[in-house]
Amino acid sequence: MKLETIAIHSGNRIDETTKAAIQPITLSTTFERGADGDYPGGYIYTRSDNPNRASLEDVLAKLENGADACAFSSGNAAGGSVFQALKPGSHVIAPSDMYHGLRNLLLQVYQGILTVDFVDQSAIENIKAAIKPETRLIWIETPSNPLLKITDIRSITKLAKEQGIFVCCDNTFATPVLQSPLLLDADLVMHSTTKYLGGHSDVLGGALITKEKSDFWQRIRDIQGLSGAVPSPFDCYMTVRGIKTLPYRMKGHVENAQKLAEFLSTHDDIEAVFYPGLPSHENHSVAASQMNGFGGMLSFLVKGDEQAAKKVANATKIFTQATSLGGVESLIEHRASVEGPDTKTPVNLLRVSVGLENIDDLVEDISLAIRTLKN
């Protein structure tokens, strides 16, 4: 099956009792045992497994060309399970431009348990230089958050295989529609399903997908069940519902983002635009070689200081000034103020999640907001 068909059918199971065409939500936390003490329905307790979670994990694995998937209650819970599966003392190589929630998880929760080096992964030489005898994981995020840096997945996985190091790729910005890290030899793919997979800013979740069912994957699967950081049946249902339209939504996000990036790149009051679909992007050719589209996320630098950037964000009418991304509505945010005092993000940067509104309306809204800098 092709991607669009997988998205619609692989997360759905017709109910055998009622023949409901759309799988119902199974809210029960426990399941009846048979006379022999076994579980004839295949389920024991909803923390361990649930019909709706099984359907979500099935469609996620198929979308990412994986052998199995684990759904979690958030993206951080998904990423954290990978870190937790590593042996104490393991060394992690992570991007210098990385989602600050996972960065803080590494620095605060796993401080003293794991060691980590944050490097610019847009150049393979930086990763080679960071490898140590105890390196067990290279964490990739491409495109990165919020600078939209591109990492050459093929080069890193080739290097990692030579060294016996696991590679996990955060594919949240790209989604399975635009990028397939497992086909580029990554071991794991991570998603914040809160974003494009759910697609409507109304359900929290995360996921991991594995290329093969290794011992390391079984450790992650055990952590999922024992730690209990799992999505509710309703959350799973809503995420599956969002996935059904994912391939078609992403086409609109990509088209709108490209046009908005092109407009901003020619504006006199914009210092720089970060979007891999622009030929001016430093790794545009790498992105073109491993992506089927350049995504719906971009960021740009306003000419001026932090107050100038905030003035533009405050002046928008259609863009909502809010955290998160990947919904049908367009969002704009001053990232440095969200990430805290140790942020590496430029203070005049605005990150934009380009939604599915009419692109002419979006361009006009941004244009009028930038014009307030003259006032």
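**A salt bridge, and onward**

Modeller: The side chains of Glu255 and Lys259 meet in a salt bridge, with 3.2 Å from N to O. The term denotes a side-chain nitrogen of Lys or Arg within 4 Å of a carboxyl oxygen of Asp or Glu. Please note that this is a predicted model, in which local features need pLDDT of at least 70, side-chain atom pairs count only at pLDDT 80 or more, and totals for chains, interfaces and linings use all residues. Residues are numbered from 1 along each chain as its sequence is written, and side-chain values use heavy atoms, with hydrogens and water left out.

Colleague: How are Glu255 and Lys259 placed in helix α10?

Modeller: They are 4 residues apart in helix α10 (residues 246-265), and therefore separated by about one helical turn. Helices are DSSP runs (H or I, at least four residues), as are strands (E, at least two), numbered from the N terminus. Side chains of opposite charge can pair when their charged atoms come close.

Colleague: How many salt bridges does the structure hold?

Modeller: The structure holds 15 salt bridges.

Colleague: Which domains does the assignment give?

Modeller: Domain 1 covers 3-241 and domain 2 covers 247-374; such bounds come from an automatic or database domain assignment. Their C-alpha centres lie 27 Å apart.

Colleague: How many residues are in contact between domain 1 and domain 2?

Modeller: In domain 1, 34 residues are in contact with 40 residues of domain 2, where contact means heavy atoms within 4.5 Å. About 3000 Å² is buried between the two domains, and carbon and sulfur atoms give 59% of that area. Buried area is the accessible area (1.4 Å probe) that two parts lose on being put together, summed over both. On the side of domain 1, Ile150, Leu178 and Tyr196 lose the most area to domain 2, together 24% of what that side buries.

Colleague: New topic: which aromatic pair could we look at?

Modeller: The structure holds 4 aromatic pairs, and one of them is formed by Phe83 and Tyr110, edge-to-face, at 5.9 Å centre to centre with 75° between the planes. Rings of Phe, Tyr and Trp (its six-membered ring) pair if their centres lie within 6.5 Å; planes under 30 degrees apart count as stacked, over 60 as edge-to-face and the rest as tilted. Phe83 is in helix α3 (residues 75-85) and Tyr110 in the loop between α4 and β3 (115-119), so the pair links distant parts of the chain, 27 residues apart.

Colleague: Where are the cis peptide bonds?

Modeller: One joins Thr142 and Pro143, with omega about -10°, and another runs from Asn145 to Pro146, with omega near 15°. Pro143 is in the loop between β4 (135-141) and α6, and Pro146 lies in the loop between β4 and α6. Most residues other than glycine have a negative phi, and most peptide bonds are trans.

Colleague: What is phi of Lys19, then?

Modeller: Phi of Lys19 is near 65°, a positive value in a residue other than glycine. Lys19 is placed in the loop between α1 and α2 (51-63).
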